[in-house]
Amino acid sequence: MSILEPSDGTLRQWLDNPDRSIDHLECLHIFRQIIEIVNVAHLQGVVIHNIRPSCFVMSSFNCISFIESASCSSSGSDSNNEAVKLVDQNKVGELISSSPVCCGLTQQRRLPAHEDSKLDISPTITYPRDSEGNDQPGVSQSDAETLSCLRSTSAFPMTLSSIETKEYDRWETWRTMPSKQILSMEINWYTSPEEASGAPSTYASDVYRLGVLLFELFSTFSTEDEKLRMMSNLRHRVLPPQLLLKWPKEASFCLWLLHPQPNIRPSMSEVLQSEFLDESRDNAEEREAAIKIKEEIEGQEVLLQFLLQMKQKKQEEADRLHDIVGCLSSDIEEVVVQQSFLLNKNGTHTELEKNNGVGLEKLEALPSSVVLKDSTSLCSRKRSKPSTDVYQSNIGPGSSKSMMTKSSQMMKNFEKLELAYFSTRIKTIRPEPRSQNRGSPGNSTVQGSNMRTEESNFSSIDNLATRGCITNARQSGWVSPFVDGLCKYLSYSRVKVRANLKQADLLNSSNLVCSMSFDRDKEFFATAGVNRKIKVFECNMVLNEDLDIHYPVIEMSSRSKVSSVCWNSYIKNQIASSDFDGVVQVWDSTRGQAFMDLREHEKRVWSVDFSRADPTRLASGGDDCAVKLWNINQGASIGTIRTKANVCCVQFPPNSAHTIAVGSADHKVYLYDLRNTRVPCCTLVSHMKTVSCVKFIDSTTLVSASTDNTLKLWDLSVDSSRVIASPAQTFKGHTNLKVFIYYKAFPMPVLSYKFDSNDPLTGQEIYDAPQFISCVCWRGQSSILVAANSTGNIKILEMV
C-alpha cells in the first residue's frame, strides 16, 4: 500500500477552494483520469459506488488516485440489464491499483483478506429519515454517526469493524476531513435516481455520478447557498445559465450522463469513444506539447542564466588573479633591487658566502604547554618550476647544497608559505585595527564577529585579493620581515632527540609532569607534577652523558601534587611552586628545603610566577578566582585581584613589575596594572574556551594558549583600547598528541614531533594512545626545548 504524500489533498478540497478558477484543459484532464479508473472496474464486472470527490486524492501535478474501496461485494447491470458477476473488495482493489491507467498513482486502500469476513453485507437498501421524514439515500441509519469521520460510504449499508476504522484513521490523520454535513450532502448529490427509488446500483449509476462530477468540475459558486441550490436542481437536470453559455459542449455531455433513465445513459465504451472526449484529448495533447516546449525554453533560460553568472564569477576571479600577478611582479622587482643592493654593499660573492656561513639567528619559537595537530603536507597541485635566473647567478658554489635543501623544503610547504606571504603582505599594505570595540570585555557578539573576521583573513588567497588589499603599488616594508621569517622557517628540517630522561617512578602510577622551568642561566631545569616531587636536572650533564637513566641533582618532596614551578630570575637558587591544596611555597634548591609556606588561597592553585623586573615579587592564581601578590620578604600577601572565573595562569612581563597577565576560565586574558587592580587595563577576547597558558615573548608581545586548540599571538603595542579582539596571529588546528613548533610570523608549524612513550620495565619505546603532551619549555633563545608527557617521560629536543 502506497502512503500518500502530505502535500496531496482530496478532490473535494480542490473543488471547494473559493479561489479556484476553471481551467478547461485541467478539468478535462482530471475527468478523463476518473473515467479511465471507472472503465477498468466496469471491464472487470465491478460497480464503483464511491465515485465522489471525497474518494479521490489529487497530487500537485493533477494526478488522480482512488483511495476508497469499491463496495464490498456487488453486482451491477449494464445498459441492457445483463447480469454481472460478483467481485469481492480485495479484487476491486487489485484491479484498480494495478490498472495501467493508474500508472504513477497511489494504490487504493483495501482491507486484508482475513478482515473481509468481518463486513456485514446486505442486499437490501435502507435509508435514514431526514428532519422532514424523507428518505436520505446512500446511508443506513446505523452508519449516520460514522459519516463525520469517514470520507465515503458504500451505497450498501455495512457495519465497519474496529480494525477497519483504525486503518482508516491512520490514512486520514494528515488530511482535513470534510464536515459531517458536507459529506452527507455529497452522498445525496451523487446518488442516482434509481438508487434513490430503492433499485440496486448498476453501471449506469456510476455513469450518473460521473455526470455530477463533470458538473462540479466546470462550476464555481460564490456562496454556499448558491451551491446547495444548484446541486439540488441538478437532480432535475437544471443547469445554471452561465454553464450553458460558457461551456455548452460540457453542459450537453453532462445532461447526457445525468439522464433520469439508466438505459438512455451512455455506457463506458460510448463515453470513451465520444467526440467530446476525443476533442478534449486532442486539446490536452496540444497543451502538453506546448507545456513541454515551454519547459524546454525555461530550461534553456535557466542554463543561460547559470552560464552567464559563472562567466561573471570566473571573470572576477581572473581580475583578482591579474591583480595578484601584478603584485607579485612588483614584489619580484623589489626583491631583485634589494638583492643587487646587498651584493654591491658586500662587494664579492665570497664575502656573501662568508656572511651566509655565520649562521642564522636562532628561531624565535613560541613557548606553550599544548601541542598542535600536524598540518604539514605535500603540495597537491602540480606547479611549474619557478624561474631561477634571478638567483642562480648570485649564489656561490659553496651554498648550492644548502640552497637546494631549502628549495626542496619550500616546495614541500609551498601552499602554506603562499598563504603566509599574502597574510604578511596584507598587513604591510593596509593594517587593520586591532579592535572595533571599546565597551565591555564581556561582549560576546563582538568576540564572535572578530573571530569570523580573523578566520576569513587567512581562508584563501582569493579572499585576500577580493578585499582590495593587493595592489600594484611597490611596498618595500614587507620584504625584511617576510624574508627573515622565511629564512628561519627553512633553516630547520627536523627535530632531534638529544636526551631521554627515563625517570618514571615504578612504584607510582601517577607520573604526569605538570610544569617545567629553567633557571636564570639556563644551566638547570626543574620538573614537577602529580608525583609530589620537584626534581632539578643539570641540562649539560643530561645532554653530554650517554646514559639510559638520568638522576636529578636534587629532589624536593611536596605534601601535595605540584601544579606549577618557576625559578627566580635573579636569585639563582630560589624556586617557587604551587600545589593542588592551594599552597604556594618558595624553595632553596641548594638545601632542598622550602623556607616559605603561603596559605591564603582557598582552592587549588594552578600557576605561580616570579617577576623578572622585581625578583622579590611573586604572583599566583587558582580555582578560588583570585590572583595573590606576594613578597618573599613578607609572610602574607601584599595584594589580591578578584576575578569572575577561575584563574588558570599568571605571568609578569619581562620589563615591568607593575603589570601582570591573567588567563581565565571565562575564555579571556586580562592585563592588570598592579597599582590599580579594581578593573583590568586591557582584555583580550578571541579564545572560545579556557585560556590555559600565557607567556610574554617580549614586553609588547604575548602568547596565549587555550583548550579551544589555538595559540594566539597578541601585539600589545598597536592598540591602547580596553578590549582587543583581533590577535596578530592565530595558530590553530592542534591537539595535545604532538609537540609543535612555530615561528611567530607564520601561522603554520615549522616542525612537529610525535612523542612516543617508554616501557618502564624494558625501556623500549611503545605507542600509547592515551598519553598526551603535558608541558614544554624552551631553553631561552636556543633551539633546544624540553618536553614531557602524561606518563612522566621527559625528552630534550633540538631543532636541526
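Buried means under 20% relative accessible area, exposed over 50% and partly exposed in between, with a 1.4 Å probe and protein chains only. The model is predicted, so that local features need pLDDT of at least 70 and side-chain atom pairs count only at pLDDT 80 or more, while totals for chains, interfaces and linings use all residues. Residues are numbered from 1 along each chain as its sequence is written, and side-chain values use heavy atoms, with hydrogens and water left out.

**View 1. The aromatic pair of phenylalanine 56 and phenylalanine 66.** The structure holds 15 aromatic pairs, where rings of Phe, Tyr and Trp (its six-membered ring) pair if their centres lie within 6.5 Å, and planes under 30 degrees apart count as stacked, over 60 as edge-to-face and the rest as tilted. Phenylalanine 56 and phenylalanine 66 form a tilted pair, 5.1 Å centre to centre with 40 degrees between the planes. Phenylalanine 66 counts as buried at 3% relative accessibility, and phenylalanine 56 counts as buried at 2%.

**View 2. A cluster of linked rings.** Ring pairs join Tyr421, Phe422, Phe482, Tyr489, Tyr743 and Phe746 into this cluster.

**View 3. Arginines over ring faces.** Arginine 20 lies over the face of tryptophan 14, 4.8 Å from the ring centre, and arginine 604 lies over the face of phenylalanine 580, at 5.0 Å from the ring centre. A charge sits over a ring if NZ of Lys or CZ of Arg is within 6 Å of the ring centre and within 35 degrees of the ring normal.
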